Amino acid sequence: MVRIYGWLTFCVVVWGSNFVFGKILVQDFSSTLLTSARLFFIVLFLIGLSLYKKHLKRINKKEILPILTLGIIGVFVNQWSFFVGLQTADPTTAALILATTPILTGFLAAIFLDEKITIRMLVGSVVAIIGIFFVVTKGSFAEIKIDKGLLWIVLTMITFAIMIILTRYLSQRMEPFTITLYSNTIGFAVSVPFIFLLDNPLRISTDIPDWTFLIGTAIVVHGIATLVWNSNIRHVGASKASILSNLEPFVAMIMGLILLYKPITGVEIAGSVFIVGGVLLSTYQKKSSTMIKTTGSKF
């Protein structure tokens, strides 16, 4: 169990660090180009893995529309809005906003999957919203200024919640790896023409270390970490794993301090406690089924 929790913690550290990695990458690459390049290397990794394991499967006609929607909204728009937001948004604040995704997912599941909305969900949502408001306003309510990048991060959170709902639906018919491969391939294909439509000016680094960092983070964050999580999650259950997953904002704080020399403030810590506490309260279940990071699109 120590080894299993060690691997799960590794995944959380990687995903939490991705907010800082993204902040670094948008300094050298324009957002759509960065999205497309990352997806390209993710798809290459997944295709190589599928050929190695002989795991490539066809999809049925009924699954085409959900997969297309997942690839466009849950992969391309999700990752593109993430990088657009990080151009100006603080990575720690972005991590805290995205930490509330399970709450929105719960409400969407109630609408589209006939799941119940509980009093615990409503109370947890209020607590989390208080935490977000506290962090965004930096504890000063006299003059509220919201960075426009945070609005894009909100879109990232919404598309991530949609991705989770679509993945739940598709996972009843398809294997997680197949969903991951096809959705990321569609996301990449859709992203290519938008490079020339959305990136103005088009920025691309010519330095090898920048490209090495881009490729390495893409494969580790969206490929290796996802596979490690999926292979270990079944041993501990959803409730325990979700507690680890909620530590991502704190990882983003620490990595921001280490890599960006950004100090951790008392407001961020207080807001984090409210947000994570609200998420835990709203998503707590006595009995849970296995939670899987299926699409490999963890921002």
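Start with α1 and α4: they cross in a right-handed sense. Keep in mind that this is a predicted model. Two packed helices are described by the angle between their axes and the distance between the axes. For α1 and α4, that angle is about 135°, and the axes are 9 Å apart. Here α4 covers residues 91–98. Angles over 145 would count as roughly antiparallel, and 65 to 115 as roughly perpendicular. The pair α1 and α4 is therefore oblique.

Who touches whom? From α1, we have F19, V20 and K23. From α4, the partners are P91, A94, A95 and L98. By class, the contact of α1 with α4 holds six nonpolar residues, no polar ones and one charged.

Angles under 35 degrees would count as roughly parallel.

The contact list: α1 brings V12, V13, W15, G16, S17, F19, V20, F21 and I24. On the α11 side sit E248, V251, A252, M255, G256 and L259. Sorted by class, the contact of α1 with α11 has eleven nonpolar, three polar and one charged residues. Note F19 and V20. They meet α4, and they are also on the α11 list.

Next, α1 itself. How far apart are the end C-alpha atoms of α1, and what should the helix span? It has 24 residues, running 2–25. At 1.5 Å a residue, α1 should span 34 Å; the end C-alpha atoms are 33 Å apart, so the two agree. There is a kink, though: about 35°, centred on N18.

Last topic, the backbone. Most residues other than glycine have a negative phi, and most peptide bonds are trans. Two places to check against that.

First place: the peptide bond between N200 and P201 is cis, with omega about 5°. P201 is in the loop between α8, 176–198, and α9, 208–233.

Y261 lies in the loop between α11 and α12, where α12 is 266–283.

Technical notes:
Residues numbered from 1 in each chain as written. Predicted model: local features only at pLDDT ≥ 70, side-chain atom pairs only at ≥ 80, totals over all residues. Heavy atoms only, no water. Helix = DSSP H or I, 4+ residues; strand = E, 2+ residues; numbered from the N terminus. Expected span 1.5 Å × (residues − 1). Bend = angle between axes of the 7 residues up to and from the residue. Contact = heavy atoms within 4.5 Å. Nonpolar A, V, L, I, M, F, W, Y, C, P; charged D, E, K, R; others polar. Axes fitted to C-alpha atoms, helices over the stretch in contact; angles between N-to-C directions. Left-handed = near helix turned anticlockwise from the far one by under 90°.
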